[in-house]
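Biologist: I'd like to learn how to read a model like this one. Can we go through it feature by feature?

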Amino acid sequence: MADARTAATDILDAVLERDVALDIALAEHKGLAALDPRDRALARRLVATTLRRLGEIDARIDTCLDRPLAPRHFRVRNILRAGVAELAHLDTPAHAAVDCAVRIAARYRRGTLKGLVNAVLRRVARGEAELPEGLDASANVPRWLFERWCAAYGGDTAGAIAAAQLAEPPLDITLSHRADPGEWAAKLDAEILPGGTLRRAGGGLVSELPGFDEGVWWVQDAAAALPAKLLRDDSGARIADLCAAPGGKTLQIADKGPSVTALDISGARLGQLQENLARTGLDAEIVCADAAQWRPDQPFDAVLLDAPCTATGTIRRHPDIPWRRSEDDIRRATMVQDRLLRAAVNMVRPGGAIVYAVCSLEPEEGIQRVDALLASGAPVTLDPLSPDDWPELDGLDPPAVASTGTLRTLPCHWADRGGLDGFFAARLIRN
C-alpha cells in the first residue's frame with residue numbers, strides 16, 4: 001500500500017509542479033504499472049480525489065501549519081495532500097493513512113519533515129482541521145478561472161460547474177448503428193441517455209467489457225458525440241475530420257456511411273485512431289499533417305473542426321485541467337483556432353458546412369471565434385441551430401441551444417445523471 005501512495009505522490013509532483021498532463025503522468029510512471037490492480041486503483045483514486053478537492057485539502061492543511069511550507073518542499077505538501085484526501089474523503093483508517101504518509105516523508109531529505117507530516121495528519125484525523133466557514137466547491141477551482149465562469153454563466157451556474165467536477169464521471173459509450181441499443185444496454189448494464197449514448201458506472205477495464213473486441217461501440221462522452229450530428233450522414237458525402245485523433249468523431253461519421261478523411265498533426269495519436277478503426281471495422285483515409293497548411297485535392301462537402309483548446313469543459317474527466325491552465329493558454333489557443341478555422345473554410349465547397357467545436361468553457365474559444373471569423377469577411381454564414389432539432393437536450397438550464405443559434409453544454413447539465421462535458425459547437429455554411 002505504501003508503494004501505491006508513493007506512486008500517487010510522484011504523480012502529484014509531476015502534475016502540480018512540472019505541469020505534466022495527468023494522463024501522461026499516469027502512463028509514464030513505471031512504478032504504477034508494476035503494482036497489483038488493487039494498489040494501482042488506489043493510487044489513481046488518490047490522485048484524482050486530491051486534484052478534485054485540492055482547494056479544500058489545502059485549506060485543511062493550512063489550518064494546521066504555524067507558517068506556510070517553503071515552495072521547495074512541494075513534495076511534503078503533496079504527501080500531506082494525499083494523506084488528507086484519504087482521511088477526509090476516502091475514509092481510510094487513520095493509522096494506515098498517517099503511518100504510510102510518514103514513511104514516505106521519512107525518505108525525503110533524511111526525514112527532517114516527517115514529524116510535521118505526522119503532526120498535521122493526526123490533527124486532521126482527530127477532526128481539528130475544520131474548513132473555513134463559507135468554503136464551497138468553488139474553492140476547488142483556481143480563483144481566476146472561477147471568476148471567468150461567473151462572468152460568462154452567472155454565479156449559480158459557475159458554482160454548479162465547480163461542483164460537477166467533484167465526482168468521478170460515468171463511462172459514456174457510442175453504439176454503432178449496427179447494434180441494438182436495448183440489447184447492449186442490458187449487456188453493459190448501462191442507461192440509454194436521450195440521444196442514444198449508453199452510460200454506465202465507471203470502474204473496470206474498458207477492453208474487458210462486452211462488445212469491445214467485436215467493435216460495436218467506442219468510448220465517447222455524450223456531449224462529445226453532439227458536433228458530428230450537425231453533419232450530413234449520407235453515403236455520398238465527403239467529410240474531413242480535422243484534429244481527429246483519437247477518433248471518436250471519425251468513427252461516428254464513418255459508421256453512418258460518408259467517406260471520411262481523418263487528419264491530425266500527431267502520428268502517435270493517429271496510431272490510436274487506426275487501432276480504433278481496425279477494432280470497429282470502419283474505414284477512413286488517414287492523413288498526418290498540420291491542418292492549418294494542408295489542403296485537399298478537391299473541396300469537401302463538409303469539415304468538422306474539433307479544435308485544440310484549453311479543454312476546461314472536460315474537468316469531470318481530467319481533474320488536472322483547472323490547475324494546469326492560465327489565461328495565457330486561452331490567448332494562445334484562440335490564435336491556433338483562428339488559423340484552423342480559416343483553413344477549414346478553404347477546404348469546403350460552396351454550400352458545404354463547417355462545424356466548429358471545442359471542449360472549452362471559455363467564450364473566447366467558442367462564440368467569440370465564430371464572431372471573429374464572420375467579422376473578418378470570410379465567405380461563410382452562420383447556420384443557426386434550433387432547440388426543436390435537439391429534443392434530447394430539452395429542459396437543460398441554462399439552455400443547451402443558445403440564442404445565438406449555437407450549441408453549449410456544461411459540466412453541470414444532466415447533473416442527476418452524472419453530468420456532461422462542456423462543449424461549444426456552431427455550424428457555418430460556405431457561401
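Biologist: How many helices and strands does the chain have?

Modeller: Helices (H or I, at least four residues) and strands (E, at least two) are DSSP runs, numbered from the N terminus. Here the chain has 15 helices and twelve strands. Keep in mind that this is a predicted model, where local features need pLDDT of at least 70, side-chain atom pairs count only at pLDDT 80 or more, and totals for chains, interfaces and linings use all residues. Residues are numbered from 1 along each chain as its sequence is written, and side-chain values use heavy atoms, with hydrogens and water left out.

Biologist: What does the radius of gyration say about the chain?

Modeller: It's taken over C-alpha atoms, and the globule rule is 2.2 Å times the number of residues to the power 0.38. For 431 residues a compact globule would come out near 22 Å, so the chain's 23 Å agrees. The C-alpha atoms fill a box of roughly 70 × 45 × 40 Å along the principal axes.

Biologist: And Ala228, is that buried or exposed?

Modeller: Buried means under 20% relative accessible area, exposed over 50%, partly exposed in between (1.4 Å probe, protein chains only). Ala228 has 11% relative accessibility, so it counts as buried. Across the chain, buried residues make up 55% of the 431.

Biologist: Where does Ala228 sit, and which residues does Ala228 touch?

Modeller: Look in the loop between strand 4 (217-219) and strand 5 (238-242). Contact means heavy atoms within 4.5 Å. Leaving out residues up to four places away in sequence, Ala228 touches Gln252, Ile253 and Leu304.
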